[in-house]
Amino acid sequence: MKPILDACCGGKMFHTNKQNPAVLFMDIRAEGPQKLSNGATFSVAPDVIGDFTKMPFRSNTFYMVIFDPPHLRCGNKSFMFKKYGTLGAGWRETLRRGFAECFRVLRPRGTLVFKWSDSFKPLDEVLKLAPIQPVIIHKAISNSQSKRTHFAVFMKL
Ligand SMILES: C[S@@+](CC[C@H](N)C(=O)[O-])C[C@H]1O[C@@H](n2cnc3c(N)ncnc32)[C@H](O)[C@@H]1O
């Protein structure tokens, strides 16, 4: 098994190498390539189609898990939906289960990297859904809500 899992890779925008052999890319969908309304070409091309609330992996498998779930609620025809997906009405339970699954498939002393943009709900509220506290948090400062992208890093101890 590969050492790193990206549990909801989307377009792999923040990956330095979209073909990184060390990363197992998962998402609930595969799409494209397609042209977005801004003219850019976009595709979601995971290695595994899977649900982060019910991952198809054994416990204690990965050294690192990356968790960048949808962070907004939007219509399914919007540009934002195509790129980032959307949270449903039961989003708290979805994220709670997502966190629990990330920790289940992480090896002991493995690292979870969580990304969140607080355009819908603030980071502090969402971190309450994780079973443990992060080791560090980086909060972005911006006047524009949509540009407030934060990172929290956890270790499974
Ligand atoms: C914020 S985007 C990820 C963006 C990505 N990190 C990037 O760099 O482009 C969230 C992704 O989560 C996926 N997703 C939504 N619900 C999911 C689920 N239950 N299991 C797995 N992936 C899911 C969406 O399809 C979407 O591609």
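Visitor: Hi! Is Asn60 buried or exposed?
Guide: Asn60 is exposed, because 12 other C-beta atoms lie within 10 Å. Residue numbers start from 1 along each chain, as its sequence is written. This is a predicted model, where local features need pLDDT of at least 70 and side-chain atom pairs count only at pLDDT 80 or more, while totals for chains, interfaces and linings use all residues.

Visitor: Okay, and where is the place of Asn60?
Guide: Asn60 sits in the loop between E5 and E6. Those labels are DSSP runs numbered from the N terminus, with helices (H or I) of at least four residues and strands (E) of at least two. Asn60 also has a positive phi, near 60 degrees, and is not a glycine.

Visitor: What about Arg109, what is its phi?
Guide: Arg109, which is not a glycine either, has a positive phi of about 70 degrees. Arg109 is in strand E7, and it is exposed, with 9 other C-beta atoms within 10 Å.

Visitor: Let's zoom out. How many helices and strands are there in the protein?
Guide: The protein has three helices and nine strands. Starting at the N terminus, the elements go β-β-β-β-β-β-α-α-β-α-β-β. The protein is as compact as a globular protein of 157 residues, because its radius of gyration is 15 Å, close to the 15 Å of the globule rule. That radius is taken over C-alpha atoms, and the rule is 2.2 Å times the number of residues to the power 0.38. Along its principal axes, the C-alpha trace spans about 45 × 35 × 30 Å.

Visitor: Where is confidence lowest and where is it highest?
Guide: Confidence is lowest in H1, with a mean of 78, and highest in E1, at 99. The score here is pLDDT, the predictor's confidence in each residue, from 0 to 100. The protein averages 93, and 99% of the residues score at least 70.

Visitor: Now the sheet. What order do the seven strands have?
Guide: The order in this open sheet is E5-E2-E1-E6-E7-E9-E8, with mixed pairing. Two strands pair if DSSP finds at least two bridges between them. Strand E5 (48–49) and strand E8 (136–138) are the edge strands, each pairing on one side only.

Visitor: Do E6 and E7 pair in the parallel or the antiparallel sense?
Guide: Parallel: strand E6 (residues 62–67) and strand E7 (residues 106–117) pair over five bridges. Ile66 stands opposite Val113 in E7. On to another pair: E7 and strand E9 (residues 149–155) are antiparallel, over seven bridges, and Leu112 stands opposite Phe154 in E9.

Visitor: And which residue in E6 does Leu5 stand opposite?
Guide: Val65 in E6. Strand E1 (residues 4–6) pairs with E6 in the parallel sense over three bridges.

Visitor: How many residues are in the largest nonpolar core?
Guide: It has 28 residues, and those with the most contacts inside it are Ala7, Val65, Phe67 and Cys102. A nonpolar core is a set of buried Ala, Val, Leu, Ile, Met, Phe, Trp, Tyr and Cys residues joined through C-beta atoms within 7 Å. Its largest share, five residues, comes from H2.

Visitor: Which residues is Cys102 in contact with?
Guide: Leaving aside neighbours within four places in sequence, Cys102 is in contact with Ala7, Val65, Phe67 and Leu112. Contact here has C-beta atoms, placed from the backbone, within 7 Å.

Visitor: Last topic, the hairpin. What phi does Gly39 take there?
Guide: Gly39 takes a positive phi near 90 degrees in the hairpin of E3 and E4, which has five residues between the strands. Strand E3 (residues 31–35) and strand E4 (residues 41–44) run antiparallel, joined by three bridges, and Phe42 in E4 is the bridge partner of Gln34.

Visitor: Which residues does a cis peptide bond join?
Guide: Gly32 and Pro33, with omega about 5 degrees. Pro33 is in strand E3.

Technical notes: A residue is buried if 20 or more other C-beta atoms lie within 10 Å of its own, exposed if 12 or fewer, and partly exposed in between; C-beta atoms are placed from the backbone. Two residues are in contact if their C-beta atoms, placed from the backbone, lie within 7 Å.
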